[in-house]
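Below is a short briefing on one protein chain, meant to be read beside its sequence and its three-dimensional model.

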Amino acid sequence: VSVVNQTGAGVGDATVIATWDGGEATGTTASNGKVFIDVPNGADVELDVDDDRYVRNRRLSISDADEREIELPVVPQGTATVTVTDSDGQPLSDATVRLRQDDETVASGETDGNRAFRTDAIERGEYRLSAVKPGFFRNETDLTVGLETEATVALQRGRVTLDIEVVDDHFEPPRTLTEVRVRIGADNFDANVSTSDGTASLNVPANTRYRIVATKDGYESTPNVQTVREASASVIVAAQRIHELTVTTSNDRVIVGETTRIEVTNAYGEPVQGARVRIDGEGVGETDDRGEMTIEIETVDERTIDATDGQVDSEPITVTGFDPDAETGTSEPTPTEAPAETPGFGVVVTVVALAFAFAVRAARQRRRSVE
């Protein structure tokens with residue numbers, strides 16, 4: 001490896017670091033800038049330099065290494081210190097600073113209170129400097145980095161339009177939800193809006209990452225995370241009805257020994273296939289593709305019926321088994337009993353019986369007189 005500076009001269013006493021998958025080797029250059037380093041034949045190797053005078057922004061990649069000579073260019077070290085302020089010149093904390101070269105980020109970080117962002121050692125040369133902070137528009141400028149370069153970047157506050165639509169994505173295509181409350185929150189912003197037609201529009205700070213949640217009775221929403229840059233943005237927030245099961249029956253009173261149809265539906269009133277139906281807590285089967293199941297009522301009592309899909313349980317319902325014969329209570333009266341509604345019937349029978357007895361006695365007496 002030959003380490004050379006911008007003029008092509010060899011750089012002596014520089015440490016060269018070679019790394020590959022599973023290994024590393026180092027060596028120090030001689031006065032002519034050369035060093036021999038052993039690496040595995042055919043390996044993909046990356047070369048870098050560790051030196052107080054020179055630096056590389058990116059490692060040099062070598063594919064399919066073999067015995068050859070590699071030139072490793074280096075550039076004198078420099079640093080950049082960047083201060084970010086608002087339009088009044090007040091230092092801003094938590095502003096992100098980025099230096100790019102050849103469309104690659106070389107250094108990045110954030111300001112901290114009154115302290116500016118300072119890069120590590122980087123190559124001296126031309127860079128594209130950008131600074132941004134939530135609630136402010138981005139500022140970009142060119143920067144030439146020397147031995148120790150200082151720069152100040154001013155940011156302007158800015159807002160953009162954010163349009164929000166709330167939909168029920170249970171359907172295909174999703175259907176717009178009306179009468180929804182939406183909360184939009186960030187470290188530098190918090191707002192609540194109501195939608196009458198399912199949409200809302202508001203001005204929000206630029207270059208900010210928002211967490212957006214929709215709220216509606218009977219619905220649950222998945223929070224939507226949206227970063228709004230410096231142009232108007234639109235976001236769709238999805239919500240669905242809270243997951244639940246409902247059990248209904250074709251009859252709430254069933255003759256013992258007969259069957260009734262059970263239907264299980266979801267929060268949208270749609271049939272639920274494969275729901276497990278339970279009677280008094282014991283599973284008796286699963287619903288068919290129509291969300292239905294037929295059960296038999298075997299005893300005279302109340303039976304509690306519910307269903308589960310493994311995620312939620314339905315509210316229980318009650319079905320009562322009954323015996324119609326037992327409920328009417330029919331029986332035949334004893335023939336010798338007098339109906340309660342015929343007063344005096346017993347006295348009449350007694351009189352008739354006595355008269356008959358006297359008649360028989362008189363007839364016997366007349367027969368004896370003739371004899």
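The side chain of Gln77 comes within 2.6 Å of the backbone oxygen of Asp51, a polar contact being a pair of N or O atoms within 3.5 Å, where, within protein, one atom must be able to donate a hydrogen and the other to accept it, and where residues adjacent in sequence count only if both atoms are side-chain atoms. The model is predicted, with local features needing pLDDT of at least 70 and side-chain atom pairs counting only at pLDDT 80 or more, while totals for chains, interfaces and linings use all residues. Residues are numbered from 1 along each chain as its sequence is written, and side-chain values use heavy atoms, with hydrogens and water left out.

**Gln77 and its surroundings**

- Gln77 is a residue of strand S8, where strands (E, at least two residues) and helices (H or I, at least four) are DSSP runs numbered from the N terminus.
- Leaving aside residues up to four places away in sequence, Gln77 touches Asp51, Asp52, Arg53, Tyr54, Val55, Ala121, Ile122, Arg124 and Leu147, contact meaning heavy atoms within 4.5 Å.

**Strand S8 and its partners**

- Strand S8 spans residues 75-85 and is largely enclosed by the rest of the structure, because nine of its eleven residues are buried; buried means under 20% relative accessible area, exposed over 50%, and partly exposed in between, with a 1.4 Å probe and protein chains only.
- Strand S15 (residues 148-154) runs parallel to S8 and is joined to it by seven bridges, and within this pairing Val82 has Ala151 as its bridge partner; two strands count as paired if DSSP finds at least two bridges between them.
- Strand S5 (residues 54-55) is antiparallel to S8, with two bridges between them, and Tyr54 has Pro76 as its bridge partner in S8.
- Strand S12 (residues 122-123) is also joined to S8 by two bridges in an antiparallel arrangement, in which Ile122 is the bridge partner of Gly78.

**Backbone geometry in loops**

- Most residues other than glycine have a negative phi, and most peptide bonds are trans.
- Asp13, although not a glycine, has a positive phi of about 60°; it is found in the loop between strand S1 (2-4) and strand S2 (15-20), and it counts as exposed because its relative accessibility is 58%.
- Asp280, although not a glycine, has a positive phi of about 50°; it lies in the loop between strand S28 (276-279) and strand S29 (282-286), and it counts as partly exposed because its relative accessibility is 43%.
- Glu172 and Pro173 are joined by a cis peptide bond with omega of about 0°, and Pro173 has its place in the loop between strand S16 (159-168) and strand S17 (175-176).

**The chain as a whole**

- The chain contains two helices and 32 strands, and 36% of its 371 residues are buried.
- Among the contacts in the chain with a separation of 6 or more, 49% are between residues 24 or more positions apart.
- The accessible surface of the chain comes to about 22,700 Å², and 44% of this belongs to carbon and sulfur atoms; the areas come from the Shrake-Rupley method with a 1.4 Å probe, and for residues only the protein chains shown count as cover.
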